[in-house]
Amino acid sequence: VASVAVAAAAAAEVVAEPSLSPLVPCDVWSPPSRAPPVPQLVARCAHLTVPLAWDNADGGGDGGKTLSLFVKMIGHADVAPVAARTALVMLMGGPGFTSSPLEATAARVLLQQTAAQRNTVAVLIDHRGTGRSAYLGCDHGDGGDLVACAKRLGGVDYLRHFSIDAAARDVLALTDALTRAGGGGVRDVVMYGWSYGTVLANRVLLRDARTPSSRYAAVVLEGMLDPSVGTWDMYDANVDAVGQQVLNDCARTAPACRRALGAAPAAAWLTVLQRVRAAAATGTASPSSLPPCVAALNIADVATLHSITNAFLTSTPLRAALAPWLARVVRCSPSDRAQLLQCQRYFGGGGGGAAPVYRGVAHAVQHMVRH
């Protein structure tokens with residue numbers, strides 16, 4: 001990352017003047033979320049207009065073309081967004097996700113603030129190419145043909161502008177728009193990066209370092225993977241270690257968890273994996289050779305189980321349901337099977353039909369944890 005940024009520093013940089021549209025009222029929770037309303041908080045939405053081609057903002061070709069990026073500001077109902085003095089700019093993980101999963105995190109941060117901190121606004125942005133910001137997706141009848149999809153989206157010459165460096169410059173433009181006179185009156189900006197957002201935040205800081213003084217009062221990076229060792233092997237190892245720690249901490253701190261899974265829940269999880277792996281290795285991954293509730297979910301390989309547990313671990317609102325999910329897999333009563341199938345439909349797997357991301361998350365997690 002650093003070498004790329006240093007090499008790019010030698011190029012002439014066109015300074016554009018992105019603009020933030022007027023704020024309009026919007027829902028705190030993005031559709032299709034069914035989370036209950038939070039009367040203490042309000043949201044305002046806007047669009048940030050930025051150059052499509054940052055290095056050629058005023059030139060030919062794609063120069064002069066712009067993108068409209070979706071921005072949401074969540075704050076306290078009794079403090080107008082224009083009165084906010086601190087902005088918490090939150091960068092979503094992925095890459096490729098919309099910012100809406102961070103809404104729950106933003107709400108938690110704001111609701112925990114003291115009276116003296118209530119002049120803070122959380123600012124979420126859908127990065128270029130995601131969500132409500134010039135979305136790029138191969139889900140429009142391309143039949144899995146990535147070449148056809150790329151052509152439909154505008155071709156390589158267009159897609160090359162959807163890079164991490166361009167997204168970093170978008171974040172800097174948003175920060176400048178927030179702090180400009182008339183752009184919200186923000187004095188201090190704190191940047192928060194989650195998962196892949198830590199890598200994006202790092203790129204933002206590399207570009208920010210070119211200015212005489214930093215735009216950011218503080219930076220918070222939260223992720224399980226050190227960006228300096230960005231390999232999927234390391235990612236898998238870190239997720240596995242954190243997952244086992246989360247399970248064992250559950251037994252250490254919650255008597256109900258210890259009763260359901262014993263003193264070392266991670267060992268119960270490894271036993272499930274070993275049974276599935278052994279059945280797959282011998283070619284006997286039939287319902288009779290698998291743990292009953294694994295068979296009921298129509299899962300016959302370890303990779304699918306890892307995908308499910310990874311989804312629990314990397315989602316803040318879902319993490320609390322990991323141990324209850326495992327307890328149901330191990331116990332496997334009729335009611336456990338019913339709840340596991342409902343959970344599987346939520347993830348869109350096992351033939352249950354794809355479900356919109358984060359639909360019903362609050363209800364599903366609460367039920368899994370309470371029962």
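Me: How much accessible surface does the protein chain have, and what share of it belongs to carbon and sulfur atoms?
Reply: Happy to start there: this is a predicted model, where local features need pLDDT of at least 70, side-chain atom pairs count only at pLDDT 80 or more, and totals for chains, interfaces and linings use all residues. Residues are numbered from 1 along each chain as its sequence is written, and side-chain values use heavy atoms, with hydrogens and water left out. By the Shrake-Rupley method with a 1.4 Å probe, where only the protein chains shown count as cover for residues, the accessible surface of the protein chain is about 18,200 Å², and the carbon and sulfur share is 58%.

Me: Is Val121 buried or exposed?
Reply: Val121 sits in strand 6 (residues 120–125); strands are DSSP runs (E, at least two residues) and helices are runs of H or I (at least four), numbered from the N terminus. Buried means under 20% relative accessible area, exposed over 50%, and partly exposed in between (1.4 Å probe, protein chains only). Val121 has 4% relative accessibility, so it counts as buried.

Me: Which residues does Val121 contact, leaving aside neighbours within four places in sequence?
Reply: Contact here means heavy atoms within 4.5 Å. With those neighbours set aside, the partners of Val121 are Met73, Ile74, Gly75, Ala84, Thr86, Ala87 and Leu88.

Me: What is the handedness of the crossing where helix 5 passes helix 6?
Reply: A crossing is left-handed if the near helix is turned anticlockwise from the far one by less than a right angle, and right-handed if clockwise. For helix 5 passing helix 6, the crossing is right-handed.
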